[in-house]
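Trainee: I am new to this structure. Could we go through some of the terms used for it together?
Mentor: Gladly; ask away once you have it in view.

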Amino acid sequence: MTFDYDLFVIGGGSGGVRAARVAAGDWGAKVGLAEESRMGGTCVIRGCVPKKLMVYASGFPAAFEEARAYGWEMWDTRFDWAAFRGRLETELDRLENAYRNTLINAGVTLHDTRATLVDPHRVRLATGQEVTAKHILVATGGRPFVPDIPGAELAVTSNEMFHLPALPDRALIVGGGYVASEFACILNGLGVKVTQVYRGAQILRGFDDEARGHVATGMQAAGIEIRCGTDVMRLERTSGGIRAVTTDGADREYDLVLSATGRRPNTEGLGLAELGVRLGRMGEVIVDRFSQTAVPSIHAVGDVTGRINLTPVAIREGHAFADTVFGGRPTAFDHELVASAVFTQPELGSVGLTEEAAREQEPIEVYATAFRPMRSAFAGHGDRVLMKLVVSRATRKVLGCHIVAPEAGELIQMAAIAIRMGATKEDFDRTCAVHPTMAEELVTMRKPVRTA
Ligand code: FAD
């Protein structure tokens, strides 16, 4: 049987773009790709990239403050949201074009439309056209999940945060994950009065408990009101804004409510279950280690599979899929020891097991230190950084590393290399310090603070 394409990719985000480019550019496959929104997907258009640029924008007031302490005379400063947003939009247009050109140069045929599956080798485009492919890759990502409460439509999601007509004076952030916590810090840095409510006991569930506490304390010290054990029951439009009634009995008015209460995979209406593709409880596509679904010609990578929802993971899964199916090199991406960062202020970098997970697994030693770094101590700020290693008592391997510090994302990337190579605590100790830095503490912690 002949097909229109060797591969048809649904979704032009991190995973889909990488798979299409490698299959066509490196392995010579005939590839088509459908994207219903903007090329680049969540990361480039409404996730990592615009968010990080907002993180940068929001960091300046603290830097100005610090500059004063270092002897700089500062003039009045003012943030022009409209000017920033304009530059952000230009940058996203540039990136979107870069993605588009990369695919075109690799020989991929682009279809700017929605696609759904008709049978294991056939895709229907929203234009009415049908195309056939030997393999189909579902890389449709995810979307924000908004709980069904009265007035839910008054809240925005992270998708809208980059297009706000104006910055609010008072914002309520609902949720305790990294997206909620990052936006709480961004808005706070930009001068918005921020309240964050989360129904759990502490924000950033899934990260190391000590590190979560450290981040929350830093956020509160920066002026964010965090109310844990609290959820929003209903939202109402008022003459002055949006009234939020919460489970702790509070009843307050805000100008903006951001619902950042998780994400769901984009599988609705794709026709997957009808073809025999297995879906999980949240609608995620169930795949094997080679990203193949229960239907052999249909594969899935990235957030739609709900494995680890991060851009570099989607990219590696997409690359491994293309190498496996078109390059004759069976490659399964290893989901162990994936490092990640939370771009809160203070920032959190994390790799490997949390102290809590490691305790469950085996006897451990914990090395940790919290201190005021030289830079903020001089400026008279109370900010403290946390450096923490979780070590196996049996093998001496570093099982986890958790850093709360400026640029923790940059630091954890480096630590992840050593930990991925199986570094022991003694390997860390043998490494000579770089002085004066914050990270030198990672190689100078001599005594465990706890054993378990
Ligand atoms: P996506 O990038 O979501 O791409 C899927 C694409 O498929 C979309 O463009 C969508 O329009 C398209 N699509 C969906 N259905 C169809 C259809 N039927 N037909 C055609 N097209 C379709 N990750 C990090 O690693 N670091 C971060 O700092 C980070 N920050 C984030 C901040 C925010 C606010 C959010 C929301 C996410 C963040 N992420 C971050 C997560 C990251 O963006 C995702 O893990 C990543 O984009 C997943 O890539 P993907 O290819 O699976 O899906």
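Mentor: Let's start with P346, which sits in the loop between β17 (340–342) and β18 (348–352). Please keep in mind that this is a predicted model. The peptide bond joining Q345 and P346 is cis, with omega about 15°.

Trainee: Where is P436, and what is the peptide bond from H435 to P436 like?
Mentor: P436 belongs to the loop between α11 (425–430) and β22 (450–451). That bond is cis too, with omega near -10°. Most peptide bonds are trans.

Trainee: Why is S291 called buried?
Mentor: Buried means under 20% relative accessible area. S291 has 3%, so S291 is buried. This residue lies in the loop between β15 (263–265) and β16 (298–300), and has a positive phi of about 65° although it is not a glycine.

Trainee: And what makes L337 partly exposed?
Mentor: Partly exposed covers the range between buried, under 20%, and exposed, over 50%. The relative accessible area of L337 is 31%, so L337 counts as partly exposed. Its phi is positive as well, near 55°.

Trainee: How do you know that Y70 is partly exposed?
Mentor: By the cut-offs of 20% and 50%: Y70 has 38% relative accessibility, so the label is partly exposed. Together with W72 and F378, Y70 makes a nonpolar surface patch of about 410 Å².

Methods:
Residues are numbered from 1 along each chain as its sequence is written. This is a predicted model: local features need pLDDT of at least 70, side-chain atom pairs count only at pLDDT 80 or more; totals for chains, interfaces and linings use all residues. Side-chain values use heavy atoms; hydrogens and water are left out. Patches are made of residues with over 30% relative accessible area and no salt bridge: like charges are joined within 9 Å, nonpolar side chains (Val, Leu, Ile, Met, Phe, Trp, Tyr) within 5 Å. Accessible areas come from the Shrake-Rupley method with a 1.4 Å probe; for residues, only the protein chains shown count as cover. A salt bridge is a side-chain nitrogen of Lys or Arg within 4 Å of a carboxyl oxygen of Asp or Glu. Buried means under 20% relative accessible area, exposed over 50%, partly exposed in between (1.4 Å probe, protein chains only). Helices (H or I, at least four residues) and strands (E, at least two) are DSSP runs, numbered from the N terminus.
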